[in-house]
Amino acid sequence: MTETSQTFRPENEDQLRDAVAWAVSEEAPVEILGHGTKRMIGNPFEAAHRIDLSGLTGVSLYEPEELVLTAWAGTPLAEIEDLLADNGQELQFEPMDYRALLASTECGRGTIGAVLACNLSGPRRLKSGAARDHVLGIRAVTGRGDVIKSGGRVVKNVTGYDLSRGLSGSWGTLAAFSEVTFKVLPRAETETTVLVGGLNNADAARVMAAAMGSSAEVSAAAHLPESVHGRFVGGALPGGPATVLRLEGIQQSVDYRAANLTRMFEAHSETNLLDRDTSRSLWREIRDVKPFCDGTERAVWRISVAPGAGHQLVAGLRLRAGVDAFYDWQGGLVWLRMEADPEVDLIRKGIKALGGGHATLVRASEAIRRAVPVFEPPDPALAALNGRLKEQFDPQRIFNPGRLAADL
C-alpha cells in the first residue's frame, strides 16, 4: 500500500474508474465522499485515501415534460432543487439536510449521489417514499473497478435485478455512483398545516392515525411535544404540544380538506391553521431536526418503529434515562436526543419488545461511535446477504470499510 495519503477528485467517469482501479491494484482502502456533510454518520473507519466525487458535477439531462432529471453524482443538491423550483417541480421525497444537526454547516448542502447512497427522505415519506422509490437509473463504479449501469431514463425500464434501488442506502460501501437519474414531480401550488393543540403523546398518535385514514390526503403528520414545540419557526406555534398535519395541492382543494380536517378534531382540541410560508418553514425544520441542532455531541437517535409504538418506546425510556423526543411519520419516526450516554442496549431492547424496528445513532462523539454499533445490527440471514453483496461488489473491501459494520 502506498504510504502517502492521496485524494482523487475525478471530473468524469473514466477518471473515477481509474481512481478505483488504482485503489484495487494497491489494495488501498478509500473513503468515498461528496461534500462530506454526512461523514460523521456511521462507524469510524480507517482509510488513508479519498475519492472526492464533488468534481463530477452538472445536470446532463432535464426534461420537465417527461418528469425526469439526470445528473452527475457530485452535483450539489441545492443546484438541482433550484433548477426544479424554477420549473415548478421538486424531488417529492424531500431529502433532509444533516448539516446543522451534525455541525457541518461549513460544507455544501450535499450532493445528489449522496441522496441516493444514503436513501434520504423527509416528512413526505409516508405518502411518497424515499430516494430509492424515485430513482430511475444509475451509473457507478464497483469495488472491482467495473463500470455498471442499471435502469434508464423512463419509469418502466427495470428488468431482472434493480441495482438502482439495491445500491441505495449502501452508504458508499458497494459502489461509487457516477451518474443518477430521478423521477421528478410537480410542486404543490400551496399548502397549509392543521395544528391540533394540547394532546398528550398517546392521544396525538390516535389523531394522526385518524387523519391519515381520512379522505383529507394528509401528506405529513408529526407530533411536537411541549418540550420541543417552542423551538420551531422561531417559537411562533401556539403554546403547548402541537400535532401537525400537512395538506398540499391547489388552493381550493387544500381549503376544503383543511375545513373537513378541522371539523374532525375541533370539538375535542383547539385547532389552528398555518399559512403556506409558515407551514413550509415548519416542515423543513421537522425534516432537518431543528430542535436538536444545538452544536453539541449529545447522542441523537433516528428510530423507526410502528406508528403506534413510538410514544410507547419513549415513555419506557424516560423511566430509565433522560431523553427528549419528537415524532414524524405519524409517530413511526422518533427523533430522540439523550441527555447523557446513548443507552444503546436500552433502546434496542425496547424496540424489540414493541415488535421490532431499527435505530441509528445519527450523532455522537467519535469515541462513542467506536464503542457501539451505529447502525441496527442485522439478523443473521440479512447479515449473510450483506456479506455476499459486499463480496460481489467490493471483494477487497476498499470502499468505506467498516462504516456500516466491522465486517463490511
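A crossing of two helices is left-handed if the near helix is turned anticlockwise from the far one by less than a right angle, and right-handed if clockwise.

## Helix packing

By this rule, H6 passes H8 in a right-handed crossing. The axes of H6 (residues 201-212) and H8 (residues 251-265) come within 11 Å and cross at roughly 145°; axes are lines fitted to C-alpha atoms over the stretch in contact, with angles from 0 to 180 degrees between N-to-C directions. Helices (H or I, at least four residues) and strands (E, at least two) are DSSP runs, numbered from the N terminus.

Val 207, Ala 210 and Ala 211 of H6 meet Leu 261, Met 264 and Phe 265 of H8 (contact means heavy atoms within 4.5 Å).

## Basis of the model

The model is predicted: local features need pLDDT of at least 70 and side-chain atom pairs pLDDT 80 or more, while totals for chains, interfaces and linings use all residues. Residues are numbered from 1 along each chain as its sequence is written, and side-chain values use heavy atoms, without hydrogens and water.

## Nonpolar cores

A nonpolar core is a set of buried (under 20% relative accessible area, 1.4 Å probe, protein chains only) Ala, Val, Leu, Ile, Met, Phe, Trp, Tyr and Cys residues joined through side-chain atoms within 4.5 Å. The largest has 83 residues, and Ile 303 is one of those touching the most other members. Strand S17 (residues 333-338) gives the largest share, five residues. A second, separate core of 17 residues includes Phe 8 and Val 30.

Strands S4 (residues 59-63) and S5 (residues 68-72) run antiparallel, joined by four bridges. Leu 61 has Thr 70 of S5 as its bridge partner.

Methods. Buried means under 20% relative accessible area, exposed over 50%, partly exposed in between (1.4 Å probe, protein chains only). Two strands pair if DSSP finds at least two bridges between them.
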